[in-house]
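Please look through the sequence and the structure below before reading on.

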Amino acid sequence: MSRQTVSSGTEWEAHVGYSRAVAVDGQVHVSGTTPVDDDGEVIGDGPYEQTRAALEIVEGALDEADASIADVVRTRLYVTDIDDYEAVGRAHGEVFADVRPASTMVEVSRLVDEDFRVEVEATAVRPG
């Protein structure tokens, strides 16, 4: 089994014991990703902006694992208000357009930071 980990470099990875992404045997599993910049600040106020920001971070993790958005086969979207489904879905649709991965969106009571509106997970299958 081949295994590669991708790190974002945050203190939380070591503290909680996780990786931004793990690539194993042709698959890349991207951890729950929130819209946070390198300084730990929340990116965007609304669900659309936050989803776009989280998906950009997902895309960066995929790139580090030699995968791309086109390789994504599954996404999971956790939202704090299901009424945001349209804005979150629009951002997801813009990023995944013709890729159209299997996807789930569920409402959760809250996320780690009260300002987070969305968290995104992704699974990709690398070519070859």
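Two strands are said to pair if DSSP finds at least two bridges between them. In this predicted model, strand β4, which covers residues 72-79, and strand β6, which covers residues 118-125, pair in the antiparallel sense over seven bridges. Within this pairing, arginine 76 stands opposite glutamate 121 in β6. Strand β4 also pairs with β5, here in the parallel sense and over six bridges, and valine 79 stands opposite glutamate 107 in β5.

Serine 7 lies in the loop between β1 (3-6) and α1 (11-16), while tyrosine 18 is found in the loop between α1 and β2 (21-24). Aspartate 25 has its place in the loop between β2 and β3 (27-33), and alanine 97 is in the loop between α3 (85-96) and β5 (102-107). The table lists the relative accessible area of each of these residues.

| Residue | Relative accessible area | Class |
|---|---|---|
| Serine 7 | 44% | partly exposed |
| Tyrosine 18 | 31% | partly exposed |
| Aspartate 25 | 52% | exposed |
| Alanine 97 | 46% | partly exposed |

Why does aspartate 25 count as exposed? A residue is called exposed when its relative accessible area is over 50%, and aspartate 25 receives that label because its relative accessibility is 52%. Alanine 97, at 46% relative accessibility, therefore counts as partly exposed.

The backbone of two of these loop residues also deserves a look. Aspartate 25 has a positive phi of about 45 degrees, although it is not a glycine, and alanine 97, likewise a residue other than glycine, has a positive phi near 20 degrees.

Which residues does serine 7 contact, once its neighbours within four places in sequence are left aside? They are Glu13, Arg20 and Glu64. With glutamate 13, serine 7 forms a polar contact of 2.6 Å that joins the two side chains. A polar atom of the side chain of serine 7 also lies 3.0 Å from the backbone nitrogen of glycine 9. Serine 7 and tyrosine 18 are 11 residues apart in sequence, and the separation in space from C-alpha to C-alpha is 8.8 Å.

Definitions and conventions. Residues are numbered from 1 along each chain as its sequence is written. This is a predicted model: local features need pLDDT of at least 70, side-chain atom pairs count only at pLDDT 80 or more; totals for chains, interfaces and linings use all residues. Side-chain values use heavy atoms; hydrogens and water are left out. Helices (H or I, at least four residues) and strands (E, at least two) are DSSP runs, numbered from the N terminus. Buried means under 20% relative accessible area, exposed over 50%, partly exposed in between (1.4 Å probe, protein chains only). Contact means heavy atoms within 4.5 Å. A polar contact is a pair of N or O atoms within 3.5 Å; within protein, one must be able to donate a hydrogen and the other to accept it, and residues adjacent in sequence count only if both atoms are side-chain atoms.
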